[in-house]
Amino acid sequence: MKPPTYTVAELTHTLHVGGAEVLAARFARALRGQFRFAFFCLDDLGPLGEQLREEGFPVEVIGRREGIDLRCPWRLARALRRHNVDLIHAHQYTPFFYGVTARFLYRRPPMLFTEHGRAFPDYPRPKRKLANRVLLGRRDRVVAVGEAVRRALIVNEGIPAPRIDVIYNGIAVPADAPSADDRAAARREMDVEDGDFVLLQVARLDALKDHATAVRTLEAVANRRPDVRLVLVGEGPELSRIQRLVHERGLEPRVRFLGLRTDAARLLAGADVALLTSVSEGIPLTLLEAMARRLPVVSTDVGGVAEVVEDGVTGLLAPSGDAEALASHVLRLAEDGDLRRRLGEAGRRRAEARFTEERMMAEYVALFREMLGAGTTRERGGTG
């Protein structure tokens, strides 16, 4: 087989386990026969970075300093030169900013900027709007992971609509439903009983994920359904605050903290509902994974969540921060097994039809090849 001709730089904040980082790793693992991949972390390595190094991928940490680091573009440009990078794929805005400034010191490869989600609160920034129009080159492209993210890039970042493609996130949809043995094994690892009703939230312990609302949701259902358990998978800066809140509300017997798991999708087999309480989202992989495994979803209606979850069809949505509404949804599902099955089956069909990894990869490959001048032109400004 002919070795890959082009080198793609995957540029991220870190390689901790998060949606953008997981997708960057999936690109490299799935497409390494077509392109060479090298990873560049602005801030620090993370466990996913360690895994990628063990798998043979070049991974460099640039060591960005706090604030605007004027030396960071120089260090990044030297790293790009060492790996003879042909295309820079930046995930999120800050990596995009440092990537476009670094390439002025390199040989100006094309830049693909993928925006995975938005900060909260999100608002227009006039200086950034001006900078974005100046920094984006003719060969550069922008991808939003959903329509809500695309609208934010247009309104708040000032990026012209025709410059933005929508490519929905995708996941590997498992061929078979989890077995009874899979469910039993997952529940043992989550330390829950056979009769417990399990809410599983897989999300970094970050303020944007609003785990406090998940705890308040559990508290609101606890009196009516003492069998409900909340299992939290993830790590992050909010851990001690959430643990303190659980202690203060007397919910410790009903909450499990599993920490970082690289096999979180496998634990879905042991859950009854996938919960997400974020205040801001793009197209969350954790909900796609749940739907692919026929698990009903209860989530806040933020960002691109409604593009994934059809309210009343594949899951139930509630306003951000509304623990009472979320609790009402949880109780409804806990008391109606037929509804859980209907939502789960509809979610599986939606995942298969719209959110497969194969579709996502094919669209990114077409875009990579177009930007590198190695393939056919893809329509601009479409919906993926």
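**Exercise 1.** Leaving aside neighbours within four places in sequence, list the residues with which Gln201 is in contact (heavy atoms within 4.5 Å).

*Solution.* Beyond those neighbours, Gln201 is in contact with Lys209, His211, Ala214, Val231, Leu232, Val233, Leu275, Leu276 and Thr277. The model is predicted: local features need pLDDT of at least 70, side-chain atom pairs count only at pLDDT 80 or more, and totals for chains, interfaces and linings use all residues. Numbering starts from 1 along each chain as its sequence is written, and side-chain values use heavy atoms, with hydrogens and water left out.

**Exercise 2.** Describe how helices α1 and α15 pack.

*Solution.* Step 1: the axes of α1 (residues 19–31) and α15 (residues 357–371) come within 11 Å and cross at roughly 80° (axes are lines fitted to C-alpha atoms over the stretch in contact; angles run from 0 to 180 degrees between N-to-C directions). Step 2: α1 is therefore roughly perpendicular to α15 (65 to 115 degrees; under 35 is roughly parallel, over 145 roughly antiparallel, the rest oblique). Step 3: α1 contributes Leu23, Arg26, Phe27, Ala30 and Leu31 to the contact, and α15 contributes Glu357, Met360, Met361, Tyr364, Val365 and Phe368.

Technical notes
Helix = DSSP H or I, 4+ residues; strand = E, 2+ residues; numbered from the N terminus.
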